Amino acid sequence: MLRSRIWKGWSVDKHLLYMRKAIQAAEKARGKCSPNPFVGAVIVKHDKIVATGWTQSFGSDHAEVQALKKAGDEARNADMYVTLEPCSHYGKTPPCAMAIIASGIKRVFIGITDPNPLVEGKGMQMLKDAGIEVQSGLLEAKIRRQLEYHLCYTTLHRPFVTLKTALSLDGKYAAEDGSSRWISNEAARRYTHKLRSQNDVILTGIQTILIDNPLLNVRLKVKHKQPLRVVLDTKLLLPLDSAFATTMPDYPSLIFCDAQLVDSPKAIRLKEMGAIVKGLALHDGHFDLLEVLQQLASLGYYSVLIESGSGLAESFLKAHLVDKCLFFYGAKILGGSKSPLSKLGRININEAIELTDIQLKRLGDNFLISGYPIY
């Protein structure tokens, strides 16, 4: 580990600098390469960065290979900083560890090892067996947070789940007449579209479709991907003239319904309109939410952003399936009864769900508070 030592005359601060550059490079791939993790790599020679790489779209170059291609002959006897352990197996592309060995890289600094059973130390061992000096654990906590989607998907075999909601300053999601546009400002709404583009799946319940008629797509001017739009609709109540249904030819869409309805005339019509319709067994009239997530994981989706009403949000929290919470606060006071989690059922203050790693971001006159629930 590199936390408190000098390694061959190099200060730890210099190692941190280059790994931070690799972390910054990884962010360029966020939301663009799943189910591959978004990774950054930096090649350094004679105290100078000669190449930077980040994971390309699924099936294309990983970060290490992209950096090596840019570096060319300069990679020989250079150092590489990479946020995640290089892969050691053949997938859509050959092993990155083999490419590093062939390039003549002398030393490799790794942020975290990859818990993927196909890698899990094997990439590091390949490098060591080839005579390359390897160190791991540089900025480990920061990189674990950056790669939280991948780590959840790999270790829990389900997508990482983020719950997002917009509230007034007094904690209300709507006015008493049900109107909620717009609690948040334009900057917050732009940020929401960025969040959507960074997640594989936007998930909601049928009540949100019936009440708000949302599109649930990404509307950004810069190049972006469209996430899979998912609706939990046990009884297939989705209106065929809703914004969601009429745009199914344009945006990837999946509807979960009662398994007994998957071949019904309504389901067949929705499929003809462009949706994927999947049937699941019901338990007391409801889906098993873990099964929903496992189904999404089996399709290669590793991150879910929930944009729903209070009922579905409460269900995910009660099932301990929310990994991160995002609360957008608009500069408005509404009063009234429209509380977003009114039936969560934490009667005593000692039963409250606490959040850790709280962060505050200002968006004009709005605020975003994020944190990770402790169950």
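1. A contact is taken here as heavy atoms within 4.5 Å. By that criterion, and not counting residues up to four places away in sequence, Ala 99 touches Val 65 and Leu 68. The model under review is a predicted one, in which local features need pLDDT of at least 70 and side-chain atom pairs count only at pLDDT 80 or more, while totals for chains, interfaces and linings use all residues. Residues are numbered from 1 along each chain as its sequence is written, and side-chain values use heavy atoms, with hydrogens and water left out.

2. Ala 99 belongs to helix 3, which covers residues 96-103. Its relative accessibility of 25% makes Ala 99 partly exposed; that class lies between buried (under 20% relative accessible area) and exposed (over 50%), with a 1.4 Å probe and protein chains only.

3. The protein chain contains 12 helices and 14 strands. Helices (H or I, at least four residues) and strands (E, at least two) are DSSP runs, numbered from the N terminus. The radius of gyration is 23 Å, close to the 21 Å given by the globule rule for 375 residues, so the protein chain is as compact as a globular protein of that length. The radius is taken over C-alpha atoms, and the rule is 2.2 Å times the number of residues to the power 0.38. Along the principal axes, the C-alpha atoms fill a box of roughly 65 × 45 × 40 Å.

4. Of the 375 residues in the protein chain, 51% are buried. Among contacts with a separation of 6 or more, 71% involve residues 24 or more positions apart. The protein chain exposes about 17,800 Å², of which carbon and sulfur atoms supply 51%; accessible areas come from the Shrake-Rupley method with a 1.4 Å probe, and for residues only the protein chains shown count as cover.

5. On the charged side chains, the protein chain has 48 positive and 37 negative, and the centres of the two sets lie 6 Å apart. Lys and Arg count as positive and Asp and Glu as negative, whereas His and the chain ends are not counted.

6. The structure holds zero disulfides, a disulfide being a pair of cysteine sulfur atoms within 2.5 Å. For Cys 87, the nearest cysteine sulfur is that of Cys 96, 3.7 Å away. Cys 87 is buried, at a relative accessible area of 8%. For Cys 152, the nearest cysteine sulfur is that of Cys 325, 14 Å away. Cys 152 also counts as buried, at 6% relative accessibility.

Conventions
Charge placed at Lys NZ, Arg CZ, Asp CG, Glu CD.
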